Amino acid sequence: MKIKAIASSLVLLIMGMLLVSCGSDATPTPPPTIKVKLLSSWSPVLEFANVTEAAVFDTIREKTNGVVDIERVAGPESVPTFEQFVPVRDGLFDALSTTITYHPEFTDIGSVHNYYDIVSNPYADRLSCGSEDMIRSVYDTHNVKYLGIAHLFVGVRTFLKDKPANLMDLSGSRIRSGGSSSTVLLKKLKASTVVVPFPEIYQALERGVIDGMVIGGGASVAQALSWDEVVNYHVSPPLGETQLIYIMNMDTWNKIPAEYQTIVLDSFTDINAKLGEALVKLDKDALVAMEAKGTLEEIKLDDATWKF
């Protein structure tokens, strides 16, 4: 009887050990959280950027179960807008929220997206046709991982101090360009283009350095930065497409396990699906408010001129 009891105990002990072993396999230990310190090109007063960055951070955190946790730690007050690529590439910051046109000395390849609106050319289509992979391969050569686009769902808007006699001929006008695609358009209209960072646009208009600007982000930018105090007209409809891009230092990227890297890249499909309604409303509400104040008047292009 004693031998049977000992044998039974051994069997129970072995079964218990097997159950514990199986249980541990079913719930593997998750990888540690990777804290990503992000540098932003945008002032916190710019609501389009706040909405977009929140969607990016929250979606990636949710999809990776907290393994990738992005936090904004600095902005243009710390590093000037056009000088942010190198600090991220060199690892002073882990990631960057910016726009494709802010580092043309490295690459401007992504500006191809500015010509196509998000409604007719959704993000999923850009993924499937390979344009995102092409852009990603170029950034790889600069030791930076291109994560994806967050579309702003509003094209570039044009603001002018004075109403031109002929909008198709801006000879003599100095216009702040919103990037390479808008520079092509402005040159076609015979305007002189000027590069001015966002924080300096108000002073540039006030001092007569520029006569107007083409900007992305929607009309909420003009409202937030009080540009309606120094411009009198806006042109509608907006042209093309604007978007933010997110890039990451390659060393930081390589710390993320491969399966979670895939999740981060795939997250941008969901991010873009969430953004449209809120960003379109921001733009519309800002225009209504500025026009109601009497500080801004619309110049509406007819269909023939707009298609030009």
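**Close-up views of a predicted model**

**View 1. Arginine 176 stands opposite methionine 213 in β8.** The model shown here is predicted. Arginine 176 belongs to strand β6, which covers residues 174-176.

**View 2. β6 and β8 belong to an open sheet of six strands.** Read across the sheet, the order is β7-β6-β8-β5-β9-β11. The pairing is mixed. Which strands stand at the edges? They are β7 (192-194) and β11 (297-300). Each of these two has a single partner strand, so one side of each is left without a neighbour in the sheet. On average, neighbouring strands of this sheet are turned by 30° against each other, direction ignored.

**View 3. Strand β10 pairs with β3 and with β4.** β10 spans residues 243-249. Is this strand mostly covered or mostly open? It is mostly covered: seven of its seven residues are buried. Strand β3, residues 95-98, pairs with β10 in the antiparallel sense over four bridges. Here threonine 98 has isoleucine 245 of β10 as its bridge partner. Strand β4, residues 144-151, also pairs with β10 in the antiparallel sense. This pairing runs over seven bridges. Look for histidine 151, which stands opposite glutamine 243 in β10.

**View 4. Helix α2 crosses helix α10.** α2 covers residues 47-63, and α10 covers residues 258-293. Their axes come within 9 Å and cross at roughly 150°. The crossing is right-handed. Which residues make the contact? From α2 they include Phe48, Val51, Ala55, Val56 and Ile60. From α10 they include Ile263, Val264, Phe268, Ile271 and Leu275. Charged residues take part too, among them Glu47 and Lys63 of α2 and Asp270 and Lys274 of α10. By class, the contact has 13 nonpolar, three polar and five charged residues.

**View 5. The whole chain holds 11 helices and 11 strands.** The chain has 308 residues, and 45% of them are buried. How much of the contact count comes from residues 24 or more positions apart? Such pairs account for 77% of the contacts with a separation of 6 or more. The accessible surface comes to about 15300 Å². Carbon and sulfur atoms hold 58% of that surface.

Definitions and conventions:
Residues are numbered from 1 along each chain as its sequence is written. This is a predicted model: local features need pLDDT of at least 70, side-chain atom pairs count only at pLDDT 80 or more; totals for chains, interfaces and linings use all residues. Side-chain values use heavy atoms; hydrogens and water are left out. Two strands pair if DSSP finds at least two bridges between them. Axes are lines fitted to C-alpha atoms, for helices over the stretch in contact, and angles run from 0 to 180 degrees between N-to-C directions. Buried means under 20% relative accessible area, exposed over 50%, partly exposed in between (1.4 Å probe, protein chains only). A crossing is left-handed if the near helix is turned anticlockwise from the far one by less than a right angle, and right-handed if clockwise. Contact means heavy atoms within 4.5 Å. Ala, Val, Leu, Ile, Met, Phe, Trp, Tyr, Cys and Pro count as nonpolar, Asp, Glu, Lys and Arg as charged, and the others, Gly among them, as polar. Accessible areas come from the Shrake-Rupley method with a 1.4 Å probe; for residues, only the protein chains shown count as cover.
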